[in-house]
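Please work through each task before reading its solution.

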Amino acid sequence: MSQILIPLIVIGGMGIIFGALLGVASKIFAVKEDERIPQILEALPGANCGGCGYAGCSAYANAICTGGAKTNMCPVGGAEVAQKISDIMGVEPEEKEKLVARVLCNGTPQRALQKYEFDGPRDCHSAARLGGGEKMCAYGCLGFGSCVKVCKFGAMSIKNGVAYVNIDKCVACGACAAECPKKIIKILPLKSKYTITCKNVEKGKTTRHDCQVGCIGCGICAKACPKQAITISDNLAVIDPNKCVNCGICASKCPQKAINKVTKDGLQGPQERKDVKPKLTPEQIEELKKKKAAQVQ
């Protein structure tokens, strides 16, 4: 019996000693969590959208306390949450310019020439793999709503084959921009009410052929702008939001109606034109491909 009890007592005693040592070590070497982190987490909306630039709310809270991250980076909570976090951190709140997502395309099926009719999965990535999508314009919105699916705030929708942003709901988290295979969604300042709704950098003749409302880089808007807020780069007009005063002169002068005022329901742009271009036949598509290949050479 003693042969069994003695080893058990020894092992039990060693277990108690080692357990006590581990308990003491855990207290000595314990990393104390900043008590402000849970307070900040409670103040944050918990959307975990990544719009702040961090993996989620927890990562952002840690970055504020340990990495010196700014207190106003939560796009969902806005100024109210920034104020709460600033109070917790004991610093003055910093103002942050309101940003929203903008879709740089207004080429509905009635305005943009189509190569074919896509009959596959209703997904922008699937459509993009098949010759770049239905539209002749390689930069046009595909309109299958991949951006809508990833938006956690119900700010994205598809209207007449083109994505639109509800600026009242948008928090500029950037999820839609990251998802778009055409990269035609940009995060821009809300204060700039006018947007070049085109990303086509082809020459004007090609753009005009492919889309009735595409920017042809003519420069009329740039010449008309009283604040020199518009420049032409790669056959495409670009608005500097820091110079733009929202006078709307550029939009009224644009012959292609490629500059549009943004409202919460989308673009306050041109009406559908009557001279609608039909879809191309397979023969016409091949002919256009040959012409474009010849232009490249």
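**Exercises with worked solutions**

Asn160 is partly exposed, at a relative accessible area of 39% (buried means under 20% relative accessible area, exposed over 50%, partly exposed in between, with a 1.4 Å probe and protein chains only). The model is predicted: local features need pLDDT of at least 70, side-chain atom pairs count only at pLDDT 80 or more, and totals for chains, interfaces and linings use all residues. Residues are numbered from 1 along each chain as its sequence is written, and side-chain values use heavy atoms, without hydrogens and water.

**Exercise 1.** Identify the salt bridges of the whole structure.

*Solution.* A salt bridge requires a side-chain nitrogen of Lys or Arg within 4 Å of a carboxyl oxygen of Asp or Glu. The search finds two.

Step 1: Glu80 pairs with Lys84, with the closest N and O atoms 3.9 Å apart. The two residues are about one helical turn apart because they lie four residues apart in helix α4 (residues 78-89). Glu80 is exposed at 55%, whereas Lys84 is partly exposed at 40%.

Step 2: Lys191 meets Glu97 at 3.3 Å, N to O. This pair links distant parts of the chain, 94 residues apart.
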